[in-house]
Amino acid sequence: PTPRPTPETPSQLNETANITLGTPSSPSTGEVITNGTSVNVSVNVTNTGNTNGTITLNLTRNRTVEETRSVDVAAGKNRTEFFNITLTELGPQELSINGQSAGTVTVGRSSIALQNATVNTTSVIQNNTVLVNTTVENNGSISGSTSLNLAVNNNSVRNRSVEVPANEVQSITFRTVLTDPGDQRLSITTGNQTELAGTVNVTQR
């Protein structure tokens, strides 16, 4: 005769997993960050059921799924899942897990350029000091830093690092002593930009 299936016990019939999510969060919420920066997003996952269970978590950025993972949660346990995402698109980026918002992070960038490089004189006696002035402008949405290099006849003589807040301008002055006689060409460089400040004729004492 065909054996009868073993009946399930009441405890087996009541074994279920009940997995819920807490509110996702990110320590970068509300900040303005540089494009290419990585941020963390976390969420607490709890299983109040009496058997182990699995849940699928979807991390989204502006409603686009960026990462999907399956998470096992033991019965009666909870765990925290951490996601890491690199943000490169400019503007507000809303981060969510399974449709629950972790907040919005704004991605920006700096845009630094030199303006109006000048020298305070066109002639000087040998071994005297000249002043080279310039302004550094940041048209970007976040603060940025750059390195300025002062050169005489394309030979570096001074360096300076400056940080310029978003949408601001800073005035910078270099002082340098001209020791070689003749025409001395002074210029300032930052990144791929070089501005000629002027040419100073240096006469011997």
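Biologist: Is Arg69 buried, partly exposed or exposed?

Modeller: This is a predicted model, where local features need pLDDT of at least 70, side-chain atom pairs count only at pLDDT 80 or more, and totals for chains, interfaces and linings use all residues. Residues are numbered from 1 along each chain as its sequence is written, and side-chain values use heavy atoms, with hydrogens and water left out. Buried means under 20% relative accessible area, exposed over 50% and partly exposed in between (1.4 Å probe, protein chains only). Arg69 has 21% relative accessibility, so it counts as partly exposed.

Biologist: Which side chain meets Arg69 in a salt bridge?

Modeller: A salt bridge here is a side-chain nitrogen of Lys or Arg within 4 Å of a carboxyl oxygen of Asp or Glu. For Arg69, the N to O distance is 2.8 Å, and the partner is Glu81.

Biologist: How many residues apart in sequence are the parts that this pair ties together?

Modeller: Strands are DSSP runs of E, at least two residues long, and helices are runs of H or I with at least four, numbered from the N terminus. Glu81 lies in strand 6 and Arg69 in strand 5 (residues 64-73), so the parts tied together are 12 residues apart.

Biologist: Is Glu81 buried or exposed?

Modeller: The relative accessible area of Glu81 is 8%. That value makes Glu81 buried.

Biologist: Which residues are linked with Arg69 and Glu81 in a network of salt bridges?

Modeller: The network holds two Glu and two Arg residues. Besides Arg69 and Glu81, its members are Glu67 and Arg79.

Biologist: Where does Glu89 lie, given that it forms a salt bridge with Arg61?

Modeller: The closest N and O atoms of Glu89 and Arg61 are 3.3 Å apart. Arg61 belongs to strand 4 (residues 53-61), so the pair ties together parts 28 residues apart in sequence, and Glu89 sits in the loop between strand 6 (78-87) and strand 7 (91-97).

Biologist: What is the distance between Arg61 and Glu66 in their salt bridge?

Modeller: Arg61 is buried, with a relative accessible area of 15%. Glu66 is partly exposed at 37%. Their side chains meet, N to O, at 3.0 Å.
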